[in-house]
Amino acid sequence: MKKQSFAVMLAAALSVGSLFPAALTVQAETDDNYEFLPRVYDAADLLTDEEESQLLDRLDSLSEEYDFDVAVATVQSTDGVAMNKFTDTFYDDNYYGLGDDYDGILFMVSIGDREWHITTHGYGMTVFNQDGLDYLKEKVQPELKDEDFAGAFNEFADQCEMFLEQAATEEPYDASTLPKEPFSLMWIPISIAIGFVLALLCTMGMRAQLKSVRSQESAVDYVRSGSMDVTRSNDIFLYNTVTRTAKPKDDTSDTGGSDSSHGGTGGSF
Amino acid sequence: MSDILEYKCPCCGGAIEFNSKLQKMKCPYCDTEFDMETVKEFNEAAASQQADDMTWENASGTDWKENETDKMSVYVCQSCGGEIVADESTGASSCPFCGNPVVISGKFSGDLRPDFIIPFKLDKKAAKEGLNKHLHGKILLPKVFKKENHIDEIKGVYVPFWLFDTDATADIRYHATRTRFWSDDEYDYTETSHYSVFRAGNIGFDQIPVDGSSKIDNDLTESLEPYVISEAVDFQTPYLAGYVADKYDVSAEESVERANQRVRRAAEDAFRSTVNGYDTVTPEDSHIQLHGGKTHYALFPVWLLSTTWKGNHYLFGMNGQTGKFVGNLPVDKSIFTKWLLGLTAGFSVAAYVIAWLVHTL
């Protein structure tokens with residue numbers, strides 16, 4: 001992380017620290033009297049110690065290789081602050097990012113709110129354009145839903161490495177160049193099932209052609225013409241029932257950054 | 001003031017009570033709530049409905065004139081027991097219902113003389129064409145059904161029918177609903193309003209036919225309807241020449257039940273057409289009284305072909321007046337399986353290719 005003066009660091013710690021006071025004192029590391037958060041900051045304790053140290057080694061070496069901060073953080077709650085704003089502020093106030101433009105990406109999970117957000121800054125906004133963020137979201141969302149946080153963070157690390165490698169070629173991923181999922185073998189049984197259902201509908205139609213005997217339940221063909229008259233007609237309202245069903249909620253709220261200096265994506269799980 | 005002491009729930013028919021807390025009528029069985037006036041109006045309307053009365057006068061029919069049946073013989077099928085009548089010049093060799101040989105059992109006697117007959121209008125050639133058309137384009141039909149020598153065995157039969165004429169008074173209650181949808185930011189709403197709709201009135205029926213032969217299923221004869229009954233003429237024995245006639249073995253009294261079912265359904269359908277402005281209308285309760293219900297005995301022309309395939313019996317019929325051809329046909333299981341597998345393969349490949357294209361492009 002970019003080294004900052006202790007006074008600036010302290011000011012940041014005070015401003016954001018009110019949201020998560022324990023984190024700064026327990027998790028912060030000391031480096032030449034300046035306190036920085038490690039690249040794996042697990043205040044919500046979602047990872048085992050072993051998972052945490054492996055992930056930290058991974059992110060540290062990745063960040064150093066590309067001179068680009070790749071970090072993960074978890075908190076218990078955002079205390080009511082919108083997830084994208086909270087993550088962006090957390091990033092800024094804790095001086096994430098390397099280089100003059102604070103280049104980096106931060107993956108934040110708030111376990112109490114069951115929400116997550118990924119924020120990018122500086123060169124990060126070039127590496128992960130909107131197509132890339134959408135792709136990243138699809139990759140981490142299933143594991144979050146399964147509450148496999150270590151899995152989601154490792155997936156995040158893998159994807160970041162892939163994106164950084166591609167961006168180093170001066171052509172960051174976009175929708176046309178992003179790797180596609182291999183065409184799933186599941187399509188074989190699905191196609192057979194679709195084929196069978198369609199074939200069954202067709203052959204049942206052919207079968208129905210063979211049946212022409214149907215009883216006539218009504219004698220309406222034999223009503224003497226003009227013989228019908230209505231002598232009594234009244235309609236009585238009895239009661240009514242109202243049912244309501246909740247509209248499906250969009251779980252892609254809080255995407256994007258809170259201001260123009262951040263990019264990002266997120267959701268709930 | 002109404003003299004009804006116990007009110008019925010319009011929803012479930014249980015005894016409904018006044019709920020002092022709600023200041024409304026509430027059914028203790030189905031928990032539906034109603035305004036007092038609604039329950040009163042419903043119960044008064046329901047109480048004025050009259051009970052069913054669906055009786056008919058006995059079949060008219062007439063007795064045979066002297067010597068009229070002299071030249072008519074009765075043939076009995078040794079296999080299915082079917083009894084057919086043919087004049088001496090026509091004769092009969094095989095049973096039109098099951099295809100087995102028939103033997104002469106004696107001179108025709110007894111039974112009622114038909115009031116009316118609709119003479120055959122379509123000949124054997126037309127019947128064979130009708131059958132070929134009926135078999136055409138049926139992919140799953142076993143090939144053996146299209147053999148010409150078999151089609152030749154189609155026979156013209158006068159089938160006995162009871163014809164029912166009546167005037168009816170109907171008093172019917174329908175349950176009707178109207179549905180409305182709307183939404184706000186969080187929810188979709190569905191409101192269903194329920195109504196009891198009463199309709200009463202008069203309706204007349206002329207000559208509802210009910211098959212008087214136990215050898216032909218009612219389903220088959222009803223599928224051959226309608227007949228143009230205005231073309232019926234007074235019965236004369238010469239009309240039978242060249243054809244056979246089936247003797248009725250289901251009496252008019254036994255056929256009444258079917259006629260009543262069809263009258264009730266027709267009244268429910270006819271009066272439902274006067275119930276407008278609802279999304280669903282279902283008959284809940286109908287009371288029918290018949291006035292001057294009369295029964296006639298008539299013979300209607302039917303071309304019949306009987307076929308046995310793999311131990312099952314198939315009977316086809318063509319309306320000898322209008323040419324309408326009906327008869328359920330069997331499914332050739334091996335042809336069915338071939339088509340099912342072939343189409344499954346074709347559609348599966350198509351579905352896979354479409355999925356692959358969508359994924360790749």
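Mentor: Start with strand S13 (residues 312-319) of chain B. Of its 8 residues, 6 are buried, so S13(B) is largely enclosed by the rest of the structure. Buried means under 20% relative accessible area, with a 1.4 Å probe and protein chains only. Strands are DSSP runs of E, at least two residues, and helices are runs of H or I, at least four, numbered from the N terminus.

Trainee: Before we go on, what kind of model is this, and how is it numbered?

Mentor: It is a predicted model: local features need pLDDT of at least 70, side-chain atom pairs count only at pLDDT 80 or more, and totals for chains, interfaces and linings use all residues. Residues are numbered from 1 along each chain as its sequence is written, chains are lettered from A and ligands numbered from 1 in the order written, and side-chain values use heavy atoms, with hydrogens and water left out.

Trainee: Which way do S12(B) and S13(B) pair, parallel or antiparallel?

Mentor: Antiparallel, over 8 bridges; S12(B) covers residues 280-309. Pairing takes at least two DSSP bridges between the strands. B:Leu305 stands opposite B:Phe316. The hairpin has 2 residues between the strands, and B:Lys310 takes a positive phi near 50° there.

Trainee: And how many bridges join S13(B) to S14(B)?

Mentor: 2, again in an antiparallel run, with S14(B) at residues 325-326. B:Met318 stands opposite B:Phe325. That hairpin has 5 residues between the strands, and B:Gly323 has a positive phi near 85°.

Trainee: Switching topic. How many residues of chain A are in contact with chain B?

Mentor: 54, against 87 residues of chain B. Contact means heavy atoms within 4.5 Å. The two chains bury about 6,400 Å² between them, 59% of it on carbon and sulfur atoms. Buried area is the accessible area (1.4 Å probe) that two parts lose on being put together, summed over both.

Trainee: What about salt bridges between chain A and chain B?

Mentor: The count is 5. A salt bridge needs a side-chain nitrogen of Lys or Arg within 4 Å of a carboxyl oxygen of Asp or Glu. One of them joins A:Arg224 and B:Asp167, at 2.8 Å, N to O.

Trainee: Which elements of chain A touch chain B?

Mentor: Helix H8 (187-209) and strand S7 (229-246) each supply at least two residues. S7(A) gives the most, with 18 residues.

Trainee: What does S7(A) pair with in chain B?

Mentor: Strand S9 (residues 187-211), antiparallel, through 16 bridges. There, A:Asp229 has B:Asn202 as its bridge partner.

How values were computed. Buried means under 20% relative accessible area, exposed over 50%, partly exposed in between (1.4 Å probe, protein chains only).
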